[in-house]
Structure formats: structure tokens, C-alpha cells
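Good morning, and thank you for making time for this item.

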Amino acid sequence: QTPFFITKTNPRKPRFHYPPKKSIIKMSDPAQKAPTPETLGYKPAQKQLCWTVLILLMMLPFFISVHPGIQTVLYSTTCVILGCLYAIEFDQPGNRVNQFDEKMNWTDTLSFPIYASGALLTLYFLYSVLPKELLNSLFRLNFCVLGFSILFPFLMSKMGTLFPAVPNKDFGKFEKKIWGTDVAFDISTHSLIAAGISLLMVTLYFFTGHWSLNNVLAITFTVAGIKLLRIPNFKYSLVLLWMLFFYDIYWVFKTDVMVSVAKSFDAPIKIFFPIDTSFKKFSLLGLGDMVIPGICIAVILKFALDRQIQQRQKSKKDAGALTMAEVNAWGTPMFHITMLFYFLSIVVTLVGMHLMKHAQPALLYIVPAITLAFASIGYIFKCYKEMMEYEDDIVGVEPVDNSKKEEAKPVEKENK
């Protein structure tokens, strides 16, 4: 969901027109119901299952000892699946769209490891010259603000499910221009409850730093990162993965920089797995080992869906309007194959860590696994050429005609 303080002023551009324009539901028609986020949700049953698994994983260590390897595999796989499912959005039944029109380009892709290395060295230097407690307090405050901005809209979207008996009384709307940005607050019973829960969670985390609250925020950052970071094609995905492959190997095996920063940096950029019920020793997994593979795996899911929608559009046997029930019923074998390879790469990482008795760069195993998955999909489905030519060019801002281009550009830039 769009953060509650951002006002959207531009429509999204549909890529595929289902249902046909003549049958698109209109708000003014009393006999029909307009699509809602709930009716346009992609794979809601699978999302619910993933959330159930994550909640169980967070609760079980309080009662029984769960092997950290099992936690690592289940947490990482479930978070990636969930993030990829949330990356798929529709504004009409069968019309897949992207929430934002910004996407990575060649410059972003090639400079990513350079900026990451610079940030890593900066953190390493800061921790060596400044008090660790001061730095961690500042970082924790920053991540608490970010966590609130993610938790609040998510809880708002689930208020009807979490509190079905609470009526949503509207108390009005607050609008103001802050630093050149239109800020809007819809004040209602549900928004106050969602804001209260979000504020309570981030406040408790800031003052206690408890591992369970850290994991809640880390999971939200992982899912939001996969959902919002957008790679437009397979070429960029593979280049980014292999550049980070060598980045990870160098900073883990050649120096102590990454391991040292990971142990010192007390913020929800990693998930903790308690080794026993005493909660004194933890294993950990960095969010980068989920977010980076996740945004690349999301490309294969988008490709598979766009391919199926195009085939459905060209089909003469079934020319009826496409529904979300039909879309959700489609199988996604390409996505399942890629997730299987990711799952196996995490297992191999744990085995390598056990045998070598040393922290392992997970991307060392994840990157070849995803590359092999993409190659296998191209061979099995005979779609190498389609994959290399694929471009996720669905955008949220598209000028209607030449006369509006000049006035549309500033709005697009302001939105970004």
C-alpha cells in the first residue's frame, strides 16, 4: 500500500485491457460494485499461509527449541515468496500494474555494489571511532520511523480482518503542504488503532531492542523491499546478482569488515534465530540475502503472469472478460522452480557454514542457483528469447497526448 502520507495524483497505465473497455465497472453504476484492493488481491490464500508460517516461527521459540537451520530456511523462503506475491498488483481484473514508475537502469545496476561497499566501509569506520551505543541509537531511531511508515499502511489494509467488530468512524481529513509535499491524514477509528499499534511496536523496539520485535520490523522491510524495488528485466537481474556475488565473497572472506559491521550494527537489517530457549545465543541472516534475490525472483513471476495474460488475450476459444479468480487459479511453475532453487541454495549455505565453521556469504550459493533456475526455465518452457526480450514497462504515469506532456512531466518528477 502507498504510505499514508503520500497523495497520489496520477493514474496508472494499464498494460492489458481486461475486461474490455466497454464492460469496465464504473463507480456511477449502482448495479455494479467497483473493484477493491481485497477483490483485486493476488493469491490471497497463499499470502495468508505465509503470514501464518511467519507468526508460528516467531512464537515457537518461546515454547520449544527450534533448530536455527530450520528457522533460517523457513524464514528466508517464506519472506521471499511473500514479497514476490505483494509485488504483483492489479488495478482492474487482469490488469497488472506497478505501484511506482521508477525502476533500476544500467547506471543503478552497475553502481549498486560500489555504493554498497562505500556504505559498508563508512559504517566500519564509524564503529571504530565513535561509541557504538550512540550510533546504534541513531540508526535504531531512523529504522523505527521507517518501520512505522511501513507498518501503519499495512495494518490499515487489514483492519477489517483484525477488528471486524469495530466500526470505522470518520473524524475528518487533515491536509497540509509540508516541504513542498502534499501531506494528507485520514483520521478515523481504524487509522487511530493502526497508528497506535504501529507506534507501540516501534517504541518498544527502540527502548528494548528485543529480538522478536527486531524480526517483526525486519520481515516488514524485507517484504516492502521486494515489493517496491523494481528490476525491469532479466539482463539487469543477472548482472546485479553476479556483481553482488563477487562483492559478497570479497567482504566476507578477504576482510572482517562485513562480519564486524553485522555484529555491531544493532538495527533490523537482519533476522535473529534463537539457538535455544535461553535466548542468549542467536544465528542470523542479513536482509540482503532475501531482498536482492527476491527482487530478481519477482521478475520471473511478473514474466510468467504477463505471458499468461497475453496468451489469454490472444485466445479465440475463451474471449470472455478475465477475472481475478481465473488469474489466481493459474499455476506458476516458473516461480515454483525458481523458489525451489533458492530454497536449496539456503540449505547448501547452512551445510557449508557447518562444514567450514565460518560465516558464509549466502549469495555465493544463491546467485548460481537463481542463474541455473532461469536457464532451466528457458530450456523447459522454450522461452529463452522471450525472457531476454522481456521488459516490465508498466508505469504509473503516462501522458495522454502531446498537449499534456509538458504539464505531466513536473507532476511525475514531484511524485518520484
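S345 is buried, its relative accessible area being 3%; buried means under 20% relative accessible area, exposed means over 50%, and partly exposed lies in between, with a 1.4 Å probe and protein chains only. Before going further, I note that this is a predicted model, in which local features need pLDDT of at least 70 and side-chain atom pairs count only at pLDDT 80 or more, while totals for chains, interfaces and linings use all residues. Residues are numbered from 1 along each chain as its sequence is written, and side-chain values use heavy atoms, with hydrogens and water left out.

S345 belongs to helix α12, residues 333-356. Helices here are DSSP runs of H or I with at least four residues, strands are runs of E with at least two, and both are numbered from the N terminus. Setting aside residues up to four places away in sequence, S345 touches Y365, I366 and A369, where contact means heavy atoms within 4.5 Å.

G352 lies in the helix α12 as well, and with 8% relative accessibility G352 counts as buried. What does G352 touch, not counting residues up to four places away in sequence? The partners are K357, Q360 and Y365. The C-alpha atoms of G352 and Y365 are separated by 9.5 Å, and the two residues are 13 apart along the chain.

As for the helix as a whole, α12 has 24 residues and reaches 34 Å from its first C-alpha to its last, close to the 34 Å expected at 1.5 Å a residue. The expected span is 1.5 Å times one less than the number of residues. Among the buried residues of α12 are M334, F335, T338, F341, Y342 and I346. The cover over the buried residues of α12 includes α2, α10 and α13 (363-380). Just after α12, K357 takes a positive phi of about 55°.

**Two further positive phi values**

K43 is not a glycine, yet has a positive phi of about 50°. K43 sits in the segment before α1. Is K43 buried or exposed? K43 is buried, at a relative accessible area of 7%.

K382, likewise not a glycine, has a positive phi of about 55°. K382 is located in the loop between α13 and α14 (384-389), and at 63% relative accessibility K382 counts as exposed.

Helix α1 covers residues 44-59; at 1.5 Å a residue its 16 residues should span 22 Å, and its end C-alpha atoms are 23 Å apart, which agrees. Within α1, K47, C50, L54, L57 and M58 are buried. Viewed down the axis of α1, the buried residues fall within an arc of 100°, so they line one face of the helix; the arc is that of the directions from the helix axis to the C-beta atoms. A45, Q48 and L49 are exposed on the other side of α1. The buried residues of α1 are covered by elements that include α2 (68-86) and α7 (211-228).

Turning to α7, 17 of its 18 residues are buried, so α7 is largely enclosed by the rest of the structure. Its 18 residues should span 26 Å at 1.5 Å a residue, and the end C-alpha atoms are 25 Å apart, which agrees.

**The interior and the whole chain**

In soluble globular proteins, nonpolar side chains tend to be buried together. The largest nonpolar core here has 93 residues, of which I297 and I300 touch the most other members. Such a core is a set of buried Ala, Val, Leu, Ile, Met, Phe, Trp, Tyr and Cys residues joined through side-chain atoms within 4.5 Å. Which helix gives the most to this core? Helix α10, residues 288-314, does, with 14 residues. Leaving aside neighbours within four places in sequence, I300 is in contact with F234, M334, F335, T338, F374, I377 and M387.

Finally, the chain as a whole. Its secondary structure comes to 15 helices and six strands. Of its 416 residues, 44% count as buried. Among contacts between residues at least 6 apart in sequence, 78% join residues at least 24 apart.
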